[in-house]
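Thanks for coming. I will talk through one structure and keep to a few local features and the overall layout.

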Amino acid sequence: MPNNLRFKTSKFIDETYRVSFKFNNKIYFGFKGDTLASALLANGIHLVGRSFKYHRPRGIMTSGSEEPNAIIQLHDNSSRTEPNVRATEVEIYEGLVASSQNCWPSVNFDIGGINNLLSPILPAGFYYKTFMWPASFWEKYEYFIRKSAGLGKSPKVADPDIYEHKYIHCDVLVIGAGISGIMAAKMAAKNGFKTLLVDEKSYLGGSSIYDNSEFSKINNQITSSWLEKEINEISKLENLEIKTRTSVAAFHGYNFLLARENLTDHLPINQRENKVRQRLLKIRAKKVITATGSIERPLIFDNNDRPGILLSSAIKRYIDLYGVACGENNILFTNNDTAYETAMSLIQRGIKINAIIDNREQIDSKISYEVEKNNIKIYKGYTVVDTYGYRRINRISIMKLSKDGQTVIGDKTKLNCDCLGVSGGWTPAVHLFTQSGGKLKFREEDQVFIPNVYPSDQISIGSCNGDFGLEEIIKNTLTSIKKFLDIDNSEYKTVETISGLNQSKRNIWLLPSDKSIGKTKSFVDYQNDATAKDIKLALREGFRSIEHVKRYTTTGMGTDQGKLGNMHALGIISETAGTKMGEHGTTTFRPPYTPLTFGTIVGRNVGKFFDIFRRTPIHDWHVANNAEFENVGQWKRAWYYPKDNENMHQAVQRESKAARDSAGILDASTLGKIDIQGTDASEFLNRVYTNAWSKLAVGKCRYGLMLNEDGMVYDDGVTTRLGENHYIMTTTTGGAANVLGKLEDYLQTEWPELDVYLSSVTDHFATISVCGPYSKKIVSKVIPDLDLSDEKFPHMSFKNAKINNIKCRVMRISFTGEHSYEINIQANFGKSVWEKCMEAGKDFNITPYGTETMHLLRAEKGFIIVGQDTDATLTPIDLQMDWIVSKKKYDFIGKRSLYRSDTIREDRKQLVGLLTENPEEVLEEGAQIVADIKKSPIEMLGHVTSSYYSPNLKKSIALGVVKGGKNMLGQKLIIPMENKNINVTVADPVFLDKEGERLNAKL
Amino acid sequence: MFLINCPFCGEREQSEFKAGGEAHIVRPKQPTELSDDEWAEYLFMRKNIKGIQFERWNHIHGCRKWFNMIRDTSNDQIKAVYKMGEKPPVK
């Protein structure tokens, strides 16, 4: 470590605690309290990365979250590896490993650097312009473009860390713990408000905490001493919770904010075991006080991006907070007084300043006189026109500015340096304010956007509100917080401030050069390599909107979102276009303020907690009996039960055959069940189903079809009349929640006069369906007391029964076309009744079947599945289900739509059966159906919706929708596939037992 | 994220609610007597304005009740909430 760069004066650095870390495979040392950036600077390292497009050498430029250049890969190849981390925010710990990004083979020698030489042919929009033709070459270009795109490497294995989410409710949230934030938090907490104070840094106090200058004092104390006492006082307040290392990522409407609390990133890896790494705080605050401060502006001149060029305020922070000098021969370049504070910090430690270049002709402040007294040469009215040095700045050239600041005059002077501090004044950090929906206004005097219209109960204070002077900050914070919180007692008696700074500034967005603009590289967006030249080019090519210029030049589109240069881009646009800056507005500030890890966003919702799933009461039996499962909505449904290494096809063929030849058993518990009660229940069903319900006798069941108001099929199912005013409706598995929602909607909003109550009872019952020729025998063994004779218990009827004294409901209904019974019993008895059925059916080849066999069996009968054979564009008429639409009923949901000009068209897509020429050929579901393959373009008539090989019919069967299909019975159509055309014939959709003989067979 | 004052439960997070489109569109009592155009007006035509809008909301993960809301779509300010069947408190 070159000792000449480290100064033992900082109380924030623990010099007794040496920390070793690895950067680009080399071991370095720093101290506890360092950031990766400060430790690298202390080791004399400026060059840390390469820029995105030109691969230019880049160094550490700032000391905070606004850093555009020093973004690194943390933890190299381990499972924790993380790209695009700002070295200025990483607190070092023993064993830290980091490396440079976007360079190969190394940051010192990078092949991609050739792009810098090619830059004259890589203007804004280069990719759009170059790779457009010939169009067929795009796929070849794409490979290379993708290869060179992106920064850093994403991790390849699962993240070992733990993350979580937490809700916080508070009266007052204060964002930012600088002077104004600390004062606001104290005033709020002391006046009885439950207050939360957050700051992204590991310490409180912002940039004032290391302000030891004699030139700014509060109540005659050095600012940092006064502030330390304040912090000490508030840390004891009961009403106040303080969270450091907590960065607000998003400020949404209604004072809802997201913040990331960093808990372990500063600890050595071995101390992170079983600890939460980051917490996403979901904060709902009654009042929000934004005190996010401001970001220093760089200056835009030729080659303003070399390693060794830093913001002047960053140089001050590095020396005052970390005791690190960024260079031994410094030059400061400024348009305002801030740089003189940096100069004083350097002078106090005896660090050499070669010169100060100031844009201003007149400088009139105590602090500047003091600097001059120290024999520092100040070039007044000068600008930097160029810089030199490839991997580190070593020289600059300066020229005198003309009176209007538009050109440079006189001779060029060259000055040596190894570090250049730049200051272009300050930009209020209004990001969070605008995210919340706040409207900005432009203040002409010092060319800043400041908060104007607040969309919620919030206020901005301090320099994010455009107050830059110490006196202004304190005075305005006191008055506005008193008003905002409506309190009399400010907790502060008179606060006297002294400041040696003057707020004058000479703002020139793009500094003039002796070269033509085309020959300069004046970077506006450092990370994305967007230059002033690019912005001017975009304007020349006709772009006017700031949002378009941004996307065309990629200004502000890096991971730093242009926190440094966006204002300059706006300035250059308005200067070039001759418009007023305030009229352009700004680009949209979007969350997150700084990037969030995916881990933080998902919290604990990973692995088996990613999504909930629902299991039926019989689930464990299915698992024990080798079932494969299918996801239906959130349900896990048994799909098929493979036996002896069967594949799915073999299992389904066996199950289907058994269900028709002997007996099958299905777990139908997932079907939606809605309990409907009330004196108007029948009338209600009349209105929601297409068929008539008033005359359904108690103890009978009926199939119903539900439409949307537009006439399209929405859901179907069997509803049973349990009593005079009591029904139980079944819905499709996936549609259950939506059907209940829709029914509630009509009941509450359109028909509040109806006496009807709905409750979901899906989870309360287990539903077991037993079908096939032996179903009657099996059920009679399970429920011996129940009379199953056709006279007493005909198809489509219901009986109350008891199994071992447990009440159950038995319906004789069928979705397979076989004689079948559905037993509904309290859910917790589901598994034992299922097992009883299995035991009773042992001698009858009872075969459990899953959803796949269920689909096959119903397709043989031509029964539709809503959502598979329908897609919200089919009416019951299109489905050839005219029989279920009541002609007599005056009204039901969707009735009027059934005879709109569009729904009565003859050539609508209609459901038909499809039989392949070769009975062994099974169609693909979703395949297109055409009549003429020679026509170009081929006219698509429809598509296949369901397709199976039927073991009972010994042939392939399919359902599909075809334009005008109803009148095409017997017609030949073609299914064009990738390598063949399959001939099909349009058939009746009912393939098996159209007369219902199996259903009504005497068993 | 809105903080919605459900008329039945009080202030709750927006995530508990579901938006249900424009409010005060009454289903015609005699749909069969309407022309195609008149029915289409009821079925399809909805306002989408920048400014004050009357909306239906459902406290779907709460009391399951539907209610009405007056919202300024330009700044998402909720001006009022009121029960189904009640007259809007502001015009």
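A residue counts as buried here if its relative accessible area is under 20%. Keep that cut-off in mind, and keep in mind that this is a predicted model.

I start with strand E36 of chain A, residues 701-707. Of its 7 residues, 5 are buried, so the strand is largely enclosed by the rest of the structure. Its partner is strand E37 of chain A, residues 713-723, and the two run in the antiparallel sense, paired over 7 bridges. One of the contacts to look at is Leu707(A), whose bridge partner in E37(A) is Val713(A). E36(A) and E37(A) form a hairpin with 5 residues between the strands. Within that hairpin, Gly711(A) has a positive phi, near 90 degrees.

Now to backbone geometry away from that hairpin. Most residues other than glycine have a negative phi, and most peptide bonds are trans. Against that background, which residues other than glycine have a positive phi near 55 degrees? One is His55(A), with phi near 55 degrees. His55(A) sits in the loop that runs between strand E3 (47-50) and strand E4 (57-59) of chain A. At a relative accessible area of 12%, His55(A) falls under the 20% cut-off and is therefore buried. Another is Asp529(A), where phi is positive at about 55 degrees. Asp529(A) belongs to the loop between strand E30 (523-525) and strand E31 (530-531) of chain A. With a relative accessible area of 1%, Asp529(A) is buried too.

Next, the peptide bonds. The bond from Pro591(A) to Pro592(A) is cis, and omega there is near -5 degrees. Pro592(A) is in the loop between helix H15 (581-584) and helix H16 (598-602) of chain A. There is also a cis bond joining Ser936(A) and Pro937(A), with omega about -5 degrees. For Pro937(A), the setting is the loop between strand E46 (928-930) and strand E47 (940-950) of chain A.

Terms used:
Residues are numbered from 1 along each chain as its sequence is written. Chains are lettered from A and ligands numbered from 1 in the order in which they are written. This is a predicted model: local features need pLDDT of at least 70, side-chain atom pairs count only at pLDDT 80 or more; totals for chains, interfaces and linings use all residues. Side-chain values use heavy atoms; hydrogens and water are left out. Buried means under 20% relative accessible area, exposed over 50%, partly exposed in between (1.4 Å probe, protein chains only). Helices (H or I, at least four residues) and strands (E, at least two) are DSSP runs, numbered from the N terminus. Two strands pair if DSSP finds at least two bridges between them.
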